[in-house]
Amino acid sequence: MGKKAVEIANLDVGKLIEMLNAALAEEWLAYYQYWIGARVMEGPMRSEIEPELLLHATEELGHAELVVNRIIQLGGTPILNPSDWLKHAECAYETPNDPYVEAILKQNLTGERCAIQRYEGIARYTSGKDLVTYEMAITILNDELEHEHDIEDFLNDINRMREDLLKLKMD
Ligand code: FE
Ligand code: FE
Ligand code: MG
């Protein structure tokens, strides 16, 4: 562990490590949510949406890497067993039982909004007290905001398409 790393963090490091482990679990679950959702998905715009969801999956793994490195720097033990992911995560994992593209996107949107809250919380907790974790949280937060926006755009496009089709039917 980094002694100086802990010393310069002017807060309850144990509590911060708990928050970071929850974030770590959530990132792995988000990875799988995207990865499996992209594969079972069917419906309009699949060929466009699938690669974007797989890209998001990769980006979630990148977040997991940032978070695990920080946990170790702070002298914490990262979650060592996947069976602990669901115990630590506060963001739900939603089984993609309905493969319709819109249903998959809505599950991912819920996940992103939860992730935004997670990093907003870590940023607030570390603001002015642990600048390194703070910087990391802001970096990830920006990615999560972008993810949310991408998914909202897809959902809007699908809605728009549905409205146009309904109009055609009525004419
Ligand atoms: Fe993430
Ligand atoms: Fe995300
Ligand atoms: Mg994107």
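This is a predicted model: local features need pLDDT of at least 70, side-chain atom pairs count only at pLDDT 80 or more; totals for chains, interfaces and linings use all residues.
**Stop 1: the metal site**

Select the magnesium ion (ligand 3) together with E52, H56 and D150. The coordinating atoms are OE of E52, NE2 of H56 and OD of D150, at 1.9 to 2.4 Å. Next, display helix α3, which covers residues 46–73. Both E52 and H56 belong to this helix, where they are four residues apart, or about one turn.

Is H56 buried or exposed? H56 has a relative accessible area of 1% and is buried, because the cut-off for that class is under 20%. E52 reaches 22% relative accessibility and therefore counts as partly exposed.

**Stop 2: a salt bridge in helix α1**

Turn from the metal to the charged side chains. The model contains ten salt bridges by the rule applied here. Select K4 and E7, whose side chains form one of them, with an N to O distance of 3.1 Å. The two residues are three apart in helix α1 (residues 3–7), a separation of about one helical turn.

**Stop 3: a bridge between two helices**

Select R113 and E152 next. Their side chains meet in a salt bridge at 2.7 Å, N to O. Which helices does this pair tie together? R113 is part of helix α5 (residues 101–126) and E152 is part of helix α6 (residues 131–170), so the contact links parts that lie 39 residues apart in sequence. R113 is partly exposed, at 40% relative accessibility. E152 is likewise partly exposed, with a relative accessible area of 25%.

**Stop 4: along helix α5**

Keep helix α5 on display and move to R124 and E120. A salt bridge joins their side chains, with 2.5 Å from N to O. Within helix α5 the two residues are four apart, about one turn of the helix. Their accessibility classes can be compared directly: R124 is exposed, with a relative accessible area of 62%, whereas E120 is partly exposed, at 32%.

Then select E26, E90 and R118. Salt bridges with shared partners connect these three residues into one network.

**Stop 5: the aromatic rings**

The model holds four aromatic pairs by the rule applied here.

W28 and Y31 are found in helix α2 (residues 13–40), three residues apart, which places about one helical turn between them. Is Y31 buried or exposed? Y31 is buried, with a relative accessible area of 19%. W28, by its 31% relative accessibility, counts as partly exposed.

Together, W28, Y31 and W85 make up one aromatic cluster.

Conventions
Residues are numbered from 1 along each chain as its sequence is written. Chains are lettered from A and ligands numbered from 1 in the order in which they are written. Side-chain values use heavy atoms; hydrogens and water are left out. Donors are N, O and S atoms within 2.8 Å of the metal (3.2 Å for Na, K and Ca); water is not among the atoms, so sites may look incomplete. Buried means under 20% relative accessible area, exposed over 50%, partly exposed in between (1.4 Å probe, protein chains only). A salt bridge is a side-chain nitrogen of Lys or Arg within 4 Å of a carboxyl oxygen of Asp or Glu. Rings of Phe, Tyr and Trp (its six-membered ring) pair if their centres lie within 6.5 Å; planes under 30 degrees apart count as stacked, over 60 as edge-to-face and the rest as tilted.
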